[in-house]
Amino acid sequence: MTASAEPGQPLKAPVPFTRRRLTLYVPLRRLGSLGAVSVALAVVVVLATSIGTVGIGAAETLRTVLGHLHLPVDFARGSAHDRIIWDIRLPRVLTAVIVGATLASSGASYQAVFRNHLADPYLIGVAAGAGLGATIAIVSPLPLDFYHFGYVALFAFVGAIAAVAVTYELARIGRTVPAATHILAGVAVSSAASAATSLLMVLHEDKIYVIFAWLYGDFTTASWPKFWAVVPYVSGTWAVLLLLAHQLNVLQLGDEEAKTLGVRVELLKVVTIAAASLATAVCVAVSGLIGFVGLVVPHVCRMLIGPDNRMVLPMSMLLGAIFVTIADLGARTLLSPQELPVGVLTAFIGAPFFLMLLRRNRKLVAAL
């Protein structure tokens with residue numbers, strides 16, 4: 001298209017190359033890659049459920065799972081292996097799956113909204129707020145039991161949501177929330193919450209180990225009730241983020257360009273951040289803080305399949321699930337019978353990757 005027009009016709013501006021690429025169709029070969037990674041995730045789930053202090057064959061694990069799903073297979077119902085697989089390992093593995101998928105997809109969403117490749121799900125105070133809430137619950141005289149979660153998970157969730165709300169309100173200018181201001185407000189709120197957490201730890205030295213164990217994340221308390229309580233929240237937010245993927249693509253052209261293409265930019269940002277933050281807060285309440293998943297996985301996805309958020313979001317879910325499931329498997333087997341916090345292993349992988357991003361994006365970091 002050129003800028004020329006017939007006499008009497010309005011002048012048409014040239015269409016940017018980037019806009020031409022924002023089609024509504026996804027190549028079939030990319031959909032095939034999602035199928036291949038889905039199969040890989042299923043294999044990882046079966047292997048992670050089979051491996052542990054008590055070794056169980058993958059075939060037996062698969063038969064047991066299928067039998068509990070009422071499929072016509074023979075398995076030893078009620079046996080020791082059945083209880084280990086169905087009551088202990090499988091809920092833990094599936095909890096790791098949904099936590100990994102949620103953190104990765106939330107990280108991809110944050111990076112799209114802020115147009116910042118260094119963004120992650122904890123950028124605007126979720127981690128610090130959850131840490132403060134959990135610490136308050138741990139040092140308080142409250143009983144441990146509350147519904148299926150316990151007061152630690154409940155306070156962590158409330159703290160995460162409160163931190164996000166305070167960050168948003170501090171960053172809001174009229175009806176808009178500039179990305180740079182939002183990030184800076186998140187840094188301020190995170191610093192304040194972290195300082196309060198440190199103060200509580202100093203005042204309650206007898207509970208420092210418990211607090212540290214939660215802050216670095218684990219799945220030792222995973223169970224079927226916790227898993228099913230979390231599923232409605234994360235599945236709902238997944239659906240919202242996937243439905244917004246095409247609009248997030250348009251947003252990469254810039255706010256003004258997106259508005260001219262019919263995107264309600266501020267509403268898109270609010271809905272995306274709210275959905276991603278809610279999902280992250282729910283997962284943090286279940287597993288504690290597991291860092292670097294939302295930073296590392298979306299970048300790996302973009303390296304493999306390109307920047308299209310319609311593919312990056314679902315691929316991030318699958319690869320994030322695989323990443324955290326493998327990290328949890330390593331956490332409970334590397335130093336068996338002692339168990340490592342999952343966040344320690346994800347940090348060992350994520351920290352070098354983060355440093356590489358810093359070196360490749362110095363100008364971007366300086367702009368923050």
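Here are some questions and answers about this predicted model.

Residues are numbered from 1 along each chain as its sequence is written. Local features need pLDDT of at least 70 and side-chain atom pairs count only at pLDDT 80 or more, while totals for chains, interfaces and linings use all residues, and side-chain values use heavy atoms, with hydrogens and water left out.

Q: How many helices and how many strands does the protein have?
A: Helices here are DSSP runs (H or I, at least four residues), strands are runs of E of at least two, and both are numbered from the N terminus. On that count the protein has zero strands and 16 helices.

Q: What percentage of the residues count as buried?
A: Buried means under 20% relative accessible area, exposed over 50%, and partly exposed in between, using a 1.4 Å probe and protein chains only. Among the 368 residues of the protein, the buried share is 48%.

Q: Why does the end-to-end distance of helix α9 agree with its number of residues?
A: The expected span is 1.5 Å times one less than the number of residues. Helix α9 runs over residues 224–243, so its 20 residues should span 28 Å, and its end C-alpha atoms do sit 28 Å apart.

Q: Where in α9 is the kink?
A: A bend is the angle between axes fitted to the seven residues ending at a residue and the seven starting there. In α9 that gives a kink of about 35°, shortly before the proline Pro232, at Val231.

Q: Which helices do the buried residues of α9 pack against?
A: The buried residues of α9 include Trp224, Phe227, Val234 and Trp238. Taking contact as heavy atoms within 4.5 Å, the buried residues of α9 pack against α4, α10, α12 and α14.

Q: What covers the buried residues of α6?
A: Helix α6 covers residues 151–171, and its buried residues include Ala153, Ala156, Ala160 and Ala163. The elements over them include α5, α7, α8 and α12.

Q: What is the volume of the largest cavity?
A: A cavity is a set of points, on a 1 Å grid over the protein atoms alone, where a 1.4 Å probe fits but cannot get out. Points are joined across faces, edges and corners, and a volume is the space filled by probe spheres set on them. The structure holds two cavities of 30 Å³ or more, and the largest has about 70 Å³.

Q: Which helix gives the largest share of the lining of the largest cavity?
A: Lining residues have an atom within 4 Å of a point, and here they include Tyr168, His182, Glu266 and Lys269. Elements giving two or more residues are α4, α7 and α12. The largest share, four residues, comes from α12.

Methods
1 Å grid on protein atoms, 1.4 Å probe; cavity = no way out; pocket = protein on both sides within 12 Å on 5 of 7 lines; lining within 4 Å.
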